[in-house]
Amino acid sequence: MSGVSANAVKNGALQTDSLRVAAAKRGHWRPLPMIGSKALRWSLNAAVLAYVVLVYYSVDINWARVAQGMDRALNFIGSFFTPDFVSRGGEIVVGLRESLTMSFVATVLGIALAIPVGLGGARNIAPRPVYFFCRGIIALSRTFQELIIAILFVAMFGFGPLAGVFTLAFATIGFMAKLLAEDIEDAQREPMEAIRATGASWWQWIVWSVQPQVMPRLIGLSLYRLDINFRESAVIGIVGAGGIGATLNTSINRYDYDTSAAVLLLIIGIVLMSEYLSGYVRRWTA
Amino acid sequence: MSHSEPNTLGAGLPANKPAPTWMHRTPRQELLLWGGWFLGLCLFLLCFKVVSDATIWEFLSDAHVQAASLIGRMVPPDWSITGALMLPLWDTLNIATVGTALGVLIAFPLAFLAARNTTPHPAVRALALGVIVSSRSINALIWAILLVTMIGPGLLAGMVAIALRSIGFVGKLLYEAIEEIQPTPVEAIAATGAGRLQVLSWGVLPQILPAFAGIVVYRWDINIRESTTLGLVGAGGIGLQMNAAINNLAWGQVATVFVLIFATVIVSEWVSAKVRHAVI
């Protein structure tokens, strides 16, 4: 049945092809359509159009309010040229120090916890029950946004950077363990078999055959995660989990855009620096 | 191997000395490695001290009680508000989808300006890279806070926030894809006497389209997650209901919102995986 319909499709395709070729010989060449089936192509177009109409009618936008806010927007863009690092300097320094320390502690803790979970989540080295358990942890940690976790942890541990550390560490586990597990699953089998053939114990087997294969990537990913954690630390401060986010939020709510611009510029600068640094370290370890 | 034969490892040594044992690293490397770990540990402890100084540890003594009572209040979720959450959920999906579309519209030309092989001028490239980095460094939620103070609370702020964050992500991945294209088809098209735009649309574009579709769907999937929380700062969607429930300490309703978010994220991840699988 499916063979017949596939043939029919093929014949149809050939027919349109010959039509196209004939048209091209007369000088009217057109490129092949991206989606072969005509019905699918048109129904997709219609669906997109229907969605646009639906959205247009379900979203009502207060354009008067938008126009009113435009001078504030211009103010904000202008403040990027006159950032004020000084008048709230103390708060910025405290916030940044908290964000940096928070993200470092969380990254270290998260990776320390992610390594066993990653080992357990690799299908080629973990027994089935351990595999499913670790994959469950990974799925749980990856589905929920940092901000939602932060709300829960702030409710449990109170305001302050400790809740932030737990939040970021929790998010790091899912991220690192998933990538580590996939890396281990992609590892070459020959070295692993060779080490096992020497009569190595399980630990020796992991340390001498798996670890050297995944280490360079693990280091690169750790630095990348440190970078992500720093960026996230600017966000979870909004719900009370410490860091530069609280400073930023306060300054925006006060319409003190010069200070906000200063904080944003500092965040951009630190992210840029860490990106440059991680590129350097990755070239050095690989 | 008998003892009389010269051992290759001990070849340079006097015959009466035993052959050296095999070591993974030289003593100097070993020392540097341990020193590095020690410095890292010191840094960790120092950072932990800063965190610990800012923490009220007394709060932690009853954390397990707090956690238990929180979970107790969240289970069972309050299903009665599910119907009222459907419209906010639709808004959230719109924020993510329209935001992604807006972001992609801007990111697409930007990527061509930022890629080394298609940029009109190195100065333009530097500017485009600057825009991409700034957009990438700042979370959608921070964009949303800014936009809510500027253009007022509502869906538009959320959409623009998502768009601004997506520009950097899509722009970066796309310009990297452009830089990795094969130069030969581009040269072939150029050799036919095609203009600059014709070369781009017939030589470059077909090579990056699959990657482009994959990137867009991937970003859409991430944006669904991010748009669920934008309501916390007033940018519309299901996050508004979550914020209201949290402020009322109605944890049963919060749990319902969480379950809905969970389901939406799983569905969007499934859709994105399907589409990426079909395209690439």
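This is a predicted model: local features need pLDDT of at least 70, side-chain atom pairs count only at pLDDT 80 or more; totals for chains, interfaces and linings use all residues.
Does B:Leu249 count as buried or exposed, and how many C-beta neighbours lie inside 10 Å? B:Leu249 counts as exposed, because it has 10 such neighbours inside 10 Å.

Residues are numbered from 1 along each chain as its sequence is written, and chains are lettered from A and ligands numbered from 1 in the order in which they are written.

B:Leu249 sits in the loop between helices H10 (238-247) and H11 (251-279) of chain B. Helices are DSSP runs (H or I, at least four residues), numbered from the N terminus. Phi of B:Leu249 is positive, near 55°. Most residues other than glycine have a negative phi, and most peptide bonds are trans.

In chain A, A:Tyr255 also has a positive phi, near 60°. Its loop joins H10 (244-253) and H11 (257-285) of chain A. A:Tyr255 is partly exposed, because 13 C-beta neighbours lie inside 10 Å.

Back in chain B, the peptide bond from B:Val75 to B:Pro76 is cis, with omega near -5°. B:Pro76 belongs to the loop between H3 (63-74) and H4 (82-114) of chain B.

H4(B) packs against H9 (196-230) of chain B at about 145°, with the axes 8 Å apart. Axes are lines fitted to C-alpha atoms over the stretch in contact, and angles run from 0 to 180 degrees between N-to-C directions.

Methods: Helices (H or I, at least four residues) and strands (E, at least two) are DSSP runs, numbered from the N terminus. A residue is buried if 20 or more other C-beta atoms lie within 10 Å of its own, exposed if 12 or fewer, and partly exposed in between; C-beta atoms are placed from the backbone.
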